[in-house]
Every structure is written in structure tokens, then in C-alpha cells.
Amino acid sequence: MAREQNAEPAEAVSLTTTLKRLGPFVRPILPRLIGGFFCALGAGIVALAIPQVLAWLVNNVLDTDGTSTQIWIAMAIVGGLGFLEALFIFLRRQFVLNPAAGLEAHMRIRFYKHLQRLPVAFHERWGSGQLLSRSMSDLSLLRRWLAFGAMMLVVDTVTVITGLVLMFFHSWILGLLYLLGAIPISIKAYHFRNNYRAASRLSQDQAGDLATAVEESVHGIRVIKAFGRGRYVYEGFSEQAKSLQQTEISKAKTLAGFLMTVVAIPETILGIGLLIGIPMVAGGSLSVGSLVAYFAIAAVIAGPVEGMGMLLGMTLSTKTALDRHFEVMDADNDIVSPKEPRTPQERTGEVQLKHVRFAYPDDSGRGRPVLADIDFTIRPGETMALVGITGSGKSTLLNLVPRLHDVSAGQVLVHGQDVREWDLEKLRQEIAVAFEDTTLFSNSIRENVLLGAPEGLTSAQREELLTQALDVAQAQFAYQLPQGVETLIGEEGLSLSGGQRQRLALARAIAAQPRILVLDDPLSALDVRTEEAVTTKLREVLRGTTTLVVAHRPSTVMLADRVALLRDGRIDAIGSHTHLLSTNEHYRYVIASLDDEAPINEEISR
Ligand SMILES: Nc1ncnc2c1ncn2[C@@H]1O[C@H](COP(=O)(O)OP(=O)(O)OP(=O)(O)O)[C@@H](O)[C@H]1O
């Protein structure tokens, strides 16, 4: 069900390059991160100071005739240090939690805004789950890494280095022995980094595909149930879920293998340290206190050493998350307003297509043209129907007017000006669209219908517009719903029938009061009587509005002043319905094949 892995992994980017890109986001919160870092460092140093107190206790209090006062002082110092460590940890959280959560929210909002701007072509290529996981889990991972991972990685490194220096201070031989352990650990870390990075990327991409699969099956639940394909879909999903499980297991194994090395090597070295240290103490070249301190330091840095392994894993996963995030942020948006947009002198209402050629981009970059040479003009206020056999490119042609796609060659002119010269927002304010696929939002009927309504209207004017639009689209059923026009409609209007959704989408296009109306088969799901009522009202509303309407039924064709016949990527003929009927054989064929039997099975709450 789900679209296959369609993310486009960027070329391998180094960790530093990826982290550098975080710079502008991190800069404003840097002071607080530094504050958090020093608190974490303070906690690490305090933890390391405890073994020093222990060494002093062993050498000066327990070894000799220490007084009870000295023991109490030592206890108080150890207790005080413990409290200080807890305080530092608390402060670290206070410093970093809010800024990290703020950064996550900021990057998420930017991501969302960017998704809104990206062209339709981008969204056609990317699975929704990929975008969902990139905007949610990848950015959460970044927040956890910033608030904890990155900071603790530095702190653990500093703690381990300080611990090593202290070990050298107590005995350079034992210190050197411990340091030697770093050699095999570094070799293992190198291999770990490569393997873990690949596994991490795979698992995050697979999680995105899985989210797409869930989204698609929920979205298409009625089709799945109606066709009894539940088992098939389930099997496909469980296969995908198992692949992700395997990847997660292999990722965990890679991490476990590395952690084993990170834990086992220092522990082995400690054993050797005991073998070397005891004869040294016996020979008098090392004090008992120093040997105790050596092991106490080793015990304190054992946590950070293991932590460094875990945190390295987290850092690599975060790098993958960031790469995935920036892949989307870097996606080209070629449908943007020009640097110096031009506003047409006059809003004539004319729409002109001049030798338009269009091909959907494919992997080779040279797609087969759907529209080869489209050349026609819709006069101001005219209603033009677009007719052609299925797959002839009618919807594609409509998409070119509000610039949802850009022409491959030729020009689309609105009010006499090339759409690529327009400010995109202004262009789209001129044009209202009702698509064949009627997407409604999880909001009230009122909000859905008035989505594109002109700004600056008073509430009374908005109310009037709503009533008028619902009336034209024959969507008065809205008033009979439990909360009338305030009724919240489910995700994508699933709780409404197809015909009801279509009428609301039509009402939305009408309420936008556009100069130009683009309708993609807007009456296909209506029964005959409703269609007739809509057509009559629509005819009145369309007077003065330039309209391009895709017609799949003769009744929709009747709305039009002229009809354009699309064939083989060209306008084969153009003229009135009766003229084309009498002169064009292909038109007669297309009209004859159009289904005029309206679906009576729809709705209605009449
Ligand atoms: N996003 C896309 N990417 C690649 N090809 C596409 C895309 N959308 C449509 N096509 C192809 O472009 C051609 C024209 O499709 P279009 O939807 O414009 O036809 P149509 O005339 O509106 O069809 P219908 O009457 O069935 O709605 C078809 O061959 C279709 O497969």
C-alpha cells in the first residue's frame, strides 16, 4: 500500500558539516547551553573529587590514628559533595530544557512552512509518512541530543580526561596502562561509526515508510474493507514492520558490540592494574591511598566511558535525523514569486494559453509531454468547458493556471500577464479552484467554506457570503447538521458523503469571489436533481467570472459558452457545443462516451 522508500538520501555529509548547519539555530540559545554545560561539568568534577576525599581518608584517617572529628569532617565533605553534584544536575536541566524545546518548535514550524511552500511536484514524490517522521520524531531526537546528548558527550569526555590526569598523578604507570585501552576502543569506534550510521539511516527511513503505510491504510480504510483486502494490507504492513524490527535489532547489536568493548577493555585493564599495583604497594613505590584512589577514579569514570559509547550512538542518530531534515529543507522550490513581481495594469479576466507544452518530470528528467501544444484564449467573463477522453490531460491543464505546475514551454497568461511574472500569492488570490479530489479540513463547515474568502470583510458580509455560496452549491444540508455550519467535519470530511463534500468544495471556490474560477469536474458526485439546481444557480454566479471547467458530463458542458476539445495534447477544436457536435466526430465520440447517468446513490439530507 505504502509508497516505496522515496526519500532521497543526500550524499554522505560529514558530522561536522551537518552540525555546522545547526549553528544559526543554536546561536541564540548558546549562552544557556554553555551554562548547562558548565553545570554538567561541575557535576562531573564533583563526582571525581569524591575519590580524592576517599584517598585522603584512607591515607590520613584510617591508616593512622585519625580522630573522630576528622572522620566527621570527611563524612561531611563527601555528603556535601554529593549534594553539590545533585544541585549541578538540577541546574543543568533548568538551563537547557526550555531552550532545546524552543529550538525544536522553531525548526518544526520552519519545516512546516517550507512544506507549504514546496511545489505540488515535491509532494507527489514524497510519502506523507516520511514528512511526518521528519517533522516529528527526527526533531524530537535533536532536542534530546541538544538537551542531554551533546552536553553529556563533552562532559563525559572532560571527566574521562580529568580522571586520566588524576590517575597519572597517583601513578604514571597505572595511568599509562589505562590510557593504552583507548587504542582498541578507537579502532572499534571507527568501525562502529560507519555501521551504526548506515543502520540508523535505514531505520529512520523505514520508520517513515511505515508511517506512510499507516496513513494510507487509515485514509483508504473504506476501500480496503469494501474489497476485503484487510489481510493483504496487514501482511504488507507486517512485512514492513518486521524489516524495521530487523534493522532496529541489527542497530542495537552494533551498539551492544561497541559498548561491550568500551566496558570490557577498561575492566580488563583494571585487573592488570591490580596485578601491577599490589607489588608496587608492597615495594613501597605506591601508597595504599593512591591505589584505592586509582580504583575509585576508574569506578567514577566507568560510567562516562560507557556513556561516551551510548552518546556516540545518539550523536550518529541525530546526525542522520538532521540530514533527513535538511534534505527536505534543501529541496528546490522552483515555483516561487519572481524577485520583482509585476502587477497587471488591469484585471481583465482573460486567460490565455500560448503554445503550452507540459511534461511531468520523470527519473530521466525528460518526461513524455502530456500537453504538446495548447493554444487558446478564454475571454473575460467567459465559461469555457474542457472536454477530452480520460487521461487526455484536462486536470493537468487546469493546474497550470494557478501555477501548481510550471509549463515546460510556452506561456500561461492571466489578465494578459505571464503567471511566472506574478506575485504567487496575488495570482492565487485571483483564482479559485475546486478539484475533483475534494479535500476538506478538520474544521467547521464555516471555516472550510470561507477558507479563501476575501480579507477585510465584516462578519455580516462573511455571513452573507457563506449563505450565498452554500445556496449556489446546493449545500443547505449544512444547516441541518447537529451544529449547523459550526459542525466540525472529520479529517478530510470523511463523515460527509462524496456529493456533500463536493458541494462544500464548490461553495468554497464560489466564496473566494475570484475573478477566475477553475473547476475540475465539480458536479461528478451529484444526483441529477441537485446537479440541475447547482447548474442553474452556477450559471448566474458565473456571469462575469472567467471560468474554466473540466466536464465529464453533457450537463456540465451546458454551463459553458464555448467548449475546447483536448486531443493528443492539443486543442483539437473549439466552439459552441452545438457547433462541435455538428462538425467534429471526435467530439461526438467523447460526448457519447460521457456518462450522463448521475449517481443517484449519493446522500442527501433533503
Ligand atoms: N503527478 C503526475 N506525475 C506523472 N504523470 C501524471 C501525473 N498526473 C497525471 N499524470 C499523467 O498525465 C496524463 C494526464 O492526466 P490528467 O489527470 O491530466 O488527465 P485527465 O484528462 O484529467 O483525466 P481524467 O479525465 O481521467 O480525470 C495521464 O497519462 C496521467 O497518467
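Good morning. I begin with a definition: a helix here is a DSSP run of H or I with at least four residues, numbered from the N terminus. With that in place, helix 9 covers residues 182-219, and Asp209 lies in it. Please keep in mind that this is a predicted model.

Let me stay with Asp209 for a moment. A residue is called buried if 20 or more other C-beta atoms lie within 10 Å of its own. Asp209 has 21 such neighbours, and therefore counts as buried.

I turn now to the partner of helix 9. How do helix 9 and helix 12 cross? Their axes come within 9 Å, at an angle of roughly 45 degrees, helix 12 being residues 288-329. The two helices are therefore oblique to each other, and the crossing is right-handed. On the helix 9 side, the contact is made by Ala189, Arg193, Tyr196, Arg197, Ser200, Arg201 and Gln204. Helix 12 contributes Leu312, Gly313, Leu316, Ser317, Thr320, Ala321 and Arg324. By class, the residues of this contact are five nonpolar, five polar and four charged.

Finally, the ligand. Which residues surround the ligand? Among them are Glu124, Tyr360 and Val370, together with Gly388 and the residues Thr390, Gly391, Ser392, Gly393, Lys394, Ser395 and Thr396. Helix 13, residues 394-400, supplies the largest share of this shell, with three residues. Seven residues of the shell are polar, two are nonpolar and two are charged.

Thank you for your attention.

Definitions and conventions: Residues are numbered from 1 along each chain as its sequence is written. This is a predicted model: local features need pLDDT of at least 70, side-chain atom pairs count only at pLDDT 80 or more; totals for chains, interfaces and linings use all residues. A residue is near a molecule or strand if its C-beta atom, placed from the backbone, lies within 6 Å of it. Ala, Val, Leu, Ile, Met, Phe, Trp, Tyr, Cys and Pro count as nonpolar, Asp, Glu, Lys and Arg as charged, and the others, Gly among them, as polar. A residue is buried if 20 or more other C-beta atoms lie within 10 Å of its own, exposed if 12 or fewer, and partly exposed in between; C-beta atoms are placed from the backbone. Axes are lines fitted to C-alpha atoms, for helices over the stretch in contact, and angles run from 0 to 180 degrees between N-to-C directions. Angles under 35 degrees count as roughly parallel, over 145 as roughly antiparallel, 65 to 115 as roughly perpendicular and the rest as oblique. A crossing is left-handed if the near helix is turned anticlockwise from the far one by less than a right angle, and right-handed if clockwise. Two residues are in contact if their C-beta atoms, placed from the backbone, lie within 7 Å.
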